[in-house]
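These are my notebook entries on a single chain. I set down what I looked up, entry by entry.

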Amino acid sequence: MDGQRGLSPPTALTAVSASLTRVNDVGIATAAVLNANHLGVLPPYVEQMARSGTIGIGMATTNTLSAPVGRETGHGGNQSAGSRGPER
């Protein structure tokens with residue numbers, strides 16, 4: 001899903017919703033968001049998937065945006081992951 005360089009949370013929620021619709025149709029689904037800005041934390045997205053009775057796995061990555069103190073170049077970005085399954 002193309003975020004068109006806009007806010008990531010609305011784009012991610014749309015991607016999750018589309019995935020949940022698809023998983024109900026065929027049993028498995030995946031979605032990717034690109035060209036979007038800061039996503040924030042992943043738990044709200046994987047929690048939404050778990051509440052619907054599916055397993056949710058979310059991953060995010062970013063470019064190296066800032067340099068730590070004492071360095072002239074960037075060193076690492078903010079990569080995060082989260083997963084959650086339904087409670088049964």
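This is a predicted model: local features need pLDDT of at least 70, side-chain atom pairs count only at pLDDT 80 or more; totals for chains, interfaces and linings use all residues.

**Entry 1**

Residues are numbered from 1 along each chain as its sequence is written, and side-chain values use heavy atoms, with hydrogens and water left out.

I place A50 in helix α2; helices (H or I, at least four residues) and strands (E, at least two) are DSSP runs numbered from the N terminus. Not counting residues up to four places away in sequence, A50 touches R84, G85 and P86, contact meaning heavy atoms within 4.5 Å. I also checked A50 against S83: the two are 33 residues apart in sequence, and their C-alpha atoms lie 8.9 Å apart.

**Entry 2: helix α2**

Which residues of α2 are buried? In this helix, residues 43-51, I list Y45, V46, M49 and A50. Seen down the axis of α2, they fall within an arc of 135°, so they line one face of the helix; the arc is that of the directions from the helix axis to the C-beta atoms. The cover over these buried residues includes α1 (8-26), β3 (56-60) and β4 (80-84). Just after α2, I find G53 with a positive phi of about 95°.

**Entry 3: the largest nonpolar core**

I define a nonpolar core as a set of buried Ala, Val, Leu, Ile, Met, Phe, Trp, Tyr and Cys residues joined through side-chain atoms within 4.5 Å. The largest one has eight residues, namely A12, V16, L20, V23, L42, Y45, V46 and M49. The elements that give two or more residues to this core are α1 and α2, and α1 gives the most, with four.

**Entry 4: S8 and the whole chain**

S8 belongs to helix α1 and is buried, with a relative accessible area of 4%. Beyond its neighbours within four places in sequence, S8 is in contact with A36, N37, H38 and L39.

For the chain, I record two helices and four strands, running β-α-β-α-β-β from the N terminus. Of its 88 residues, 19% count as buried.

Notes
Buried means under 20% relative accessible area, exposed over 50%, partly exposed in between (1.4 Å probe, protein chains only).
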